Amino acid sequence: MPSARTRPPRQRHPELERDFARSPALGYEDAEDTGLVRCLAHGVPSPLVRWHFHEEYELHLITETSGRAFVGDWIGPFGPGHLVLCGPRLPHNWISLDTPEGGAPGRDRVIQFRHDPVVRAAESIAELRDVLPLLDRARHGIEFFGMAAAAQAHWDAVKASRGLRRFAVFCDFLADLAECTDYRLLSTVQMQGVEGEVQVDQINRIVNRILADMAEPISLSAAAAELGMSESRFSRFFRRSTGNSFTDFVSRLRINSACQLLMQTDHYVTDICYQVGFNNVANFNRRFLEIKGMTPTEFRRQAESRFGS
């Protein structure tokens, strides 16, 4: 078997980003100077470029470099002008593959905002209800097209303002996003259905077990037993928490792990099938085609052309 390439693997377990770690030295605005809306600007390389999630929505604009984006269980290309809105607790990362020697100091323009204040305000302010469908779609991650120049101008306006004026220009940005019809939803994995930290920990316990060793079989009955639930209760709990059945969720994670191996290594497709936990090549090819719309070989060919890997 050809040896794996030396590119370091993506961090598999998303890191929960907490507010105390958001130092202005990394490009964040000071929390004491902001309200609902917080801006962030950083380049690459940066410690902020990692597989992570947080409680806020994140509107992310790439202005330099191209590479591979990870949003939930979606893996795809990005370049300058790439604009994505991620919902709360949706893991994400952008890995540049053409960073110049001196780095790209202005790669990322980010706006973060919280869910509850917007939803509570919409109960009293009818105009804000127009944004609620957008926020619901953001659970999957939304990629917008044809908005790069407008997004940069909106970000600059938000960054330059404070107080009520900032909220006003932010709402103008949200209105443009809510009215945009040229977009696609990215991830099939959702983590918004859980109701508390115990439930979050339970889901993460199962997800992390799957991710820790893709080749290790895990059945619905075993996962249910691990959490002390009946199979029927676990099935309802898992679908409510992730938006997917347990079987579909496992298949999608394994297919996306296969995509990483197809992009990052020279391993044979047959070997990758077993490395990610499928025990039948025909079933692996069928599920890959269903989920990605192409065969594993076609995916690798496109990845090599797209990323030069």
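This is a predicted model: local features need pLDDT of at least 70, side-chain atom pairs count only at pLDDT 80 or more; totals for chains, interfaces and linings use all residues.
On to the next neighbour. E7 also pairs with strand E10 (residues 142-144), again in the antiparallel sense, this time over three bridges. Here Leu83 stands opposite Phe144 of E10.

Now zoom out to the sheet that holds these strands. It is an open sheet of six strands with antiparallel pairing, in the order E2-E9-E4-E7-E10-E11. At its edges lie strand E2 (37-44) and strand E11 (183-185), each of which pairs on one side only. From one strand to the next, the twist averages 20°.

E2 and strand E9 (residues 104-113) run antiparallel and are joined by seven bridges; Val44 stands opposite Ala104 in E9. Helix H3 (residues 148-160) lies across E2, E9, strand E4 (57-62) and strand E7 (83-86), running at about 120° to E2.

Further along the chain, a pair of helices deserves a look. Two packed helices are described by the angle between their axes and the distance between the axes. For helix H8 (residues 246-264) and helix H10 (residues 281-292), the axes come within 10 Å and cross at roughly 90°. Angles of 65 to 115 degrees count as roughly perpendicular, so H8 is roughly perpendicular to H10. The contact involves residues of H8 including Ile255, Ala258, Cys259 and Leu262, and residues of H10 including Phe284, Phe288 and Ile291. Asp248 and Arg252 of H8 also take part, as do Arg287 and Lys292 of H10. By class, this contact has seven nonpolar, two polar and four charged residues.

Finally, step back to the chain as a whole. It has 11 helices and 11 strands, and buried residues make up 49% of its 309 residues. Among contacts with a separation of 6 or more, 70% come from residues 24 or more positions apart. The accessible surface comes to about 14500 Å², and 51% of that belongs to carbon and sulfur atoms.

Notes:
Residues are numbered from 1 along each chain as its sequence is written. Side-chain values use heavy atoms; hydrogens and water are left out. Helices (H or I, at least four residues) and strands (E, at least two) are DSSP runs, numbered from the N terminus. Buried means under 20% relative accessible area, exposed over 50%, partly exposed in between (1.4 Å probe, protein chains only). Contact means heavy atoms within 4.5 Å. Accessible areas come from the Shrake-Rupley method with a 1.4 Å probe; for residues, only the protein chains shown count as cover. Two strands pair if DSSP finds at least two bridges between them. Axes are lines fitted to C-alpha atoms, for helices over the stretch in contact, and angles run from 0 to 180 degrees between N-to-C directions. Angles under 35 degrees count as roughly parallel, over 145 as roughly antiparallel, 65 to 115 as roughly perpendicular and the rest as oblique. Ala, Val, Leu, Ile, Met, Phe, Trp, Tyr, Cys and Pro count as nonpolar, Asp, Glu, Lys and Arg as charged, and the others, Gly among them, as polar.
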